[in-house]
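Keep the sequence and the 3D view open as you read.

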Amino acid sequence: MVAIWRHNVVRAVTVAAVGLTGVLVAPPAADAAVTAAPARTWGIGPDTTTSASQGVPRVLAIQPVGDRIFVAGTFSSIIDPSGRSYPAQNLAVFSATTGAADLSFAGGTNNTVTSLATDGGSTLYLGGTFGTVNGQTRKGLAALDTTSGALRAWNPSVAGTGQVDAVAWSSGSVYAGGNFSSVSGGGGTSQAYVAKVDASTGAVDASWTPAPDGRVRALTVAADGTSRLFLGGDFTSVSAKASTNKVAAVALSGTGAVDTGFKAAATNAGSYAPVFDLTSDGARVYTATAGSGGACAALNVTSGALVWSDHSNGNMQSVRLTGGQLYCAGHFSGTGSFLGQTRYKLAAVDPATGALSSFAPNINSSQGPWALATDATHLYVGGDFSKIAGVAQPHFAMFLDSSLVSTPLPPTGLVASPGDNQVRLSWSAPSSDRGSALKKYKVYRATTPGGERLAGTPLATLSNSTLTFTDTTATNGSTYYYVVVATNGVGASDPSAEASATPTGSTTATVPGAPTSVTASNQGGWIHLQWNPPASDGGATVTAYRVFRGTAKGAEDLANPVATVTTTSYDDQLGLTAGTTYYYVVKAVNSVGAGPSSAEVYATLTAGKPGPPTLSGKLVAGPAVALTWTVPSDGGSPITKYVVLRDGVRLVTLTATSSGPTSYTDSTPPSGTHVYQVKAVNAIGSGQLSNKVTVSVP
């Protein structure tokens, strides 16, 4: 077989391969079957500007199970297609068809979930860095009921500080790979980096010993029916066998013996670089490879010979197959970034030849995707991004088979509230836009049930972000019937359920109800609170939320909120002490006043790094530069010093007390324009840098 390395090469025609000196140029691949832009806006949160350096929020694993799409990583909320946010701890499930989040799913972890696998239906297996799942001890591995999220008794444990990077299921066994020294369970203990665990009992098969000499980052069961497991990672050999550098094939059963007939070739432009992900079909095993730039590559599934390697200018993170295409995702970006062509972190190629398709969505953020998943009609992408193809996508996206794009589902939850010669309408967005972004809402009115004329002129046409409308043409004493229709690029939805109201005169608003679904989670140095709006706004729009805190159950100071915010989340950072448990309630506020307290929640703070100071500066006589800053949150551990930087280089380190220092004068700055920043340091480490201050020195 001829191996082809592709580096800044464009193929256009087919020429026969002639020995090792001939030319093999693949024809253009058929265009990808999925849509050019994501099907809907949904994802995980907090829905903030992406921060690749912080890695929160981030989707690291996606597992379709029928219509249920499990999403995992590091996050504290999920966002449904209506834009509404719900608390979730590093694990959530959506419907692929409607986009609705399954709020009855109770699974959650205290730390990052890196990998997911399923037995095909009833059980979801998790791998990661977590220490508890659903509030119970689970170290790095756990199993949940796919319907309820209930924790299974399955309880193998990862040793020490090791983590699980990959999990795979096959024939009643779970395989785990990572950087761990061992996994123990049921009286058995694995060797380092890879383990085989009984999927029912959690017992480790101590006789299964492939023995890689380094980290295993990826696992995939061979799709050719040969009962082999492919390993990918940082290792240079498995069981000291030849040609097992970065990729190897081992037996699923017995001792996990290496398949010596599979001799892995170099997958990145002739180099052996770490492999971050694997997938396979009956003919080839595909790799997402790091290294000098990165590469998406294919090896012969039997021999390990290189079939093709498509080079990129950044690490390749994931590879998946669907619809006759192989999707390659990673940190590559820009002109000539993938196979010499312009791609932004996601590309599609022909699995047989590596030929590039025209599929080229632009994914923002510095790192972009970390995970892909596919089924027969969908491509799922997760990572650090906030937009794909210009469409808002908070860290999770779905591309839909183009044949399935249709008109949206109808708006939901239409409510008609009577007033004085008016009716106030409110509704929720459709649970799915069916693959074409929402454009408008149309409101129709009738004076008899079911009498709305959808072929006629609507009472109102509103933007896709407007979910309320006040009908000021209504008359007291008359009953009015309403429906709302959503439109996208394909057409109009079916009408919403009908709602009616009879204006009778002025109505009196009351305070809103209590916020719902409140959660508190320790983030290491601060506590993140998340909640949903109250079921009733009391007849007047909720304008704010007040957050109250105490250090004992029921002891919140309801006269003095620690914060008043207009969003449905709050990060409590100031005045906290590591090791202390904090209790919280939240109240909603409208024009009448504050409503009742929410259910109480609590979290115990662990120490973290300090927050960012707020810096200001100016040129003073000398010339010199006078800097001042605020004392940031200390992360639950006292600040020990401040570091002042000029043009990215440490200028001075100042010993800190509880009150400062909060100023420093650079008395000998060189002429020119300089950028200053400051950061606080505690026992945990260096905190976030302050804002930048630019000063020009004559």
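Strand 3 contributes the most to the lining of the second largest pocket, giving six residues. Strands here, like helices, are DSSP runs numbered from the N terminus (E, at least two residues, for strands; H or I, at least four, for helices). A pocket is found on a 1 Å grid over the protein atoms alone: it is an open set of points where a 1.4 Å probe fits, with protein on both sides within 12 Å along at least five of seven lines, and lining residues have an atom within 4 Å of a point. This is a predicted model, in which local features need pLDDT of at least 70 and side-chain atom pairs count only at pLDDT 80 or more, while totals for chains, interfaces and linings use all residues. Residues are numbered from 1 along each chain as its sequence is written, and side-chain values use heavy atoms, with hydrogens and water left out.

The second largest pocket holds about 1200 Å³ of space, a volume being the space filled by probe spheres set on grid points that are joined across faces, edges and corners. Its lining counts 41 residues, and Ser115, Leu116, Ala166, Asp277 and Arg320 are the ones nearest the pocket centre. Elements that supply two or more residues to this lining include strand 3 (58-65), strand 8 (113-118), strand 14 (164-170) and strand 19 (216-221). By residue type, the lining of the second largest pocket has 20 nonpolar, 15 polar and six charged members. In this count Ala, Val, Leu, Ile, Met, Phe, Trp, Tyr, Cys and Pro are nonpolar, Asp, Glu, Lys and Arg are charged, and the others, Gly among them, are polar.

Now for the charged pairs. How many salt bridges does a search of the whole structure find? There are 15, where a salt bridge is a side-chain nitrogen of Lys or Arg within 4 Å of a carboxyl oxygen of Asp or Glu. One of them joins Asp102 to Arg68, with the closest N and O atoms 2.8 Å apart. Asp102 sits in the loop between strand 7 (91-95) and strand 8, and Arg68 in strand 4 (residues 68-74), so this pair ties together parts that are 34 residues apart in sequence. Arg68 is partly exposed, at 23% relative accessibility; that label covers the range between buried (under 20% relative accessible area) and exposed (over 50%), using a 1.4 Å probe and protein chains only.

Another salt bridge pairs Asp234 with Arg217, again with the closest N and O atoms 2.8 Å apart. This one links distant parts of the chain, 17 residues apart: Asp234 is in the loop between strand 20 (228-233) and strand 21 (247-251), and Arg217 is in strand 19. Asp234 is partly exposed at 26% relative accessibility, and Arg217 is partly exposed at 22%.

Further along, Arg445 and Asp471 form a salt bridge of 2.8 Å, N to O. Here strand 36 (residues 438-446) carries Arg445 and strand 38 (residues 468-471) carries Asp471, 26 residues apart. Arg445 is partly exposed, with a relative accessible area of 30%, whereas Asp471 is buried at 1%. Shared partners also join Asp224, Arg228 and Asp259 into one salt-bridge network.

Next, the nonpolar side chains. In soluble globular proteins, nonpolar side chains tend to be buried together. A nonpolar core is a set of buried Ala, Val, Leu, Ile, Met, Phe, Trp, Tyr and Cys residues joined through side-chain atoms within 4.5 Å. The largest one has 21 residues, and Ile62, Val71, Ile78, Tyr380 and Phe396 touch the most other members. Strand 3, strand 4, strand 7, strand 29 and strand 33 (396-400) each supply at least two residues of this core, with strand 33 giving the most, three residues. Beyond its neighbours within four places in sequence, Phe396 is in contact (heavy atoms within 4.5 Å) with residues including Trp42, Val59, Ile62, Val71, Phe94 and Tyr380. A second, separate core of 19 residues includes Trp427, Val443, Ala460 and Ala499.

Finally, two single residues. Leu438 lies in strand 36 and is buried at 17% relative accessibility. Gln573 is in the loop between strand 45 (569-572) and strand 46 (581-589) and is partly exposed, with a relative accessible area of 30%. Although Gln573 and Pro632 are 59 residues apart along the chain, their C-alpha atoms are separated by 8.9 Å.
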